[in-house]
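These are my notebook entries on one structure.

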Amino acid sequence: MFEISVRQEILALKAYVPGLSIAEIQQKYNLAKVIKMASNENPLGMSPLACDAVQRHAAMGFRYPQGGNPRLAAALAQLHGVDARRIVVGNGSDEIIDLLIRILAEPGVHNLVCFEPCFSIYPIQGRVCGVEVRRQPLNDDFSFNFDALLARVDANTRLVFVTTPDNPSGYCPPREDVARLAEKLAEIAPACLLVVDEAYMDFAENEPESSLLASGHLPENTAFMRTFSKSFGLAGLRVGYGILPPAIADYCWRARLPFSVNILAEEAALAALKDATFYALTMQTVRQGRNALTVGLTALGCYVWPSAANFVLFKLPENTLGAEDCFEALLRRGIIIRPLKSYNLPNHLRVSVGNEQENRAFLLAMDEILLQNRHAEADAALKEHK
Ligand SMILES: *Cc1c(COP(=O)(O)O)cnc(C)c1O
């Protein structure tokens, strides 16, 4: 006999809700073509150099990767101008986030602090690890109140998470504010690590001005997260990395599963770093597309939050259909965006920047959906009048 006995924290868990996949929607609505603007992936696909590297190294699939991925760590150290001993690569930055929680926080004793809403991996992995998760609501405009965040920190806080630019809003705080947060945290909680998740920082209008990492000033108590999933177009291959205080990086390497970054992912990442053309084109496409979506949605009467990332958060005009209905109407037209119920934002929608055609198709569909809704409302009003 087998009686399933699962830890209390796991019983209470809700699974991470990912964006819908193209295959799911093609099948459900019997569509030939589906556009996915749901998961902040690269609108240009994969870097051709990375694609070529995967193909060239495919036959190496029988080998274990080199322990510690030293070539990739060295390349990343060079990219960011930091010591290679600070770099830990993982199966997406999700893995590094999980590792940091497991390394630093004692289950049932310590806590972590993050905003509400925020990227859902922090609270989910916190709970998986049996760590109390403390949430500070964002300001109404989705900006950060760092003093209120700090007020939730106590002697048992081991991690504070900040995403900049933020997901799902695209908000990017001044980097001086993040530096000041690190400073104050060091004063009130010397055992606490500040995790600054810069997954979308490349897309900011002025990365050197916005990024604490790029400023070269790395506070002792601060870890930076970056990923190949967005700007480098490798979401499906799963490579992310942390730039960590060297001692913490060392513990991460000890605790990490030895081969979590596979041999093809490593080759793809190394090649993507060399593909300056693809990277530059990605930046140009995302910045132009972000602007086009913002202008287009605003013209349709939507409220669009300013975004420094490769997506925009928006709200539909008043007196129209609900966010969920709009999401469904887009699905029927073969366009997947992201409803934000799982972020506790049932009235908001997030759309990832696509390529030029995709952005145009999305805006056209939105125009039709909002117009149809106005006609339906007018018909209903007319009937009532009769
Ligand atoms: C997409 C994203 C990541 C990256 O996740 P990977 O595991 O590297 O794919 C990290 N943080 C935030 C806030 C994200 O949105």
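**Entry 1: the sheet**

I found an open sheet of four strands in the order β9-β10-β13-β12, with antiparallel pairing. Helices (H or I, at least four residues) and strands (E, at least two) are DSSP runs numbered from the N terminus, and two strands pair if DSSP finds at least two bridges between them. β9 (303–304) and β12 (338–340) are at the edges with a single partner strand each, so one side of each has no neighbour in the sheet.

I noted the source: the model is predicted, local features need pLDDT of at least 70, side-chain atom pairs count only at pLDDT 80 or more, and totals for chains, interfaces and linings use all residues. Residues are numbered from 1 along each chain as its sequence is written, and side-chain values use heavy atoms, with hydrogens and water left out.

I then looked up β10 (residues 311–315) and β13 (residues 345–352), which form an antiparallel pair over five bridges. Lys315 stands opposite His348 in β13.

**Entry 2: the ligand**

Which residues come nearest to the ligand? Of the 14 residues around the ligand (a heavy atom within 4 Å), they are Asp197, Tyr200, Thr227, Ser229 and Lys230.

I looked up polar contacts, which are pairs of N or O atoms within 3.5 Å. A ligand oxygen lies 2.6 Å from a side-chain N or O atom of Ser229. For Lys230, a polar side-chain atom is 3.4 Å from an oxygen atom of the ligand. The protein buries 94% of the 390 Å² that the ligand exposes when taken alone, with accessible areas from the Shrake-Rupley method and a 1.4 Å probe.

Key: Polar contact = N/O pair within 3.5 Å; in protein donor to acceptor, adjacent residues only side chain to side chain.
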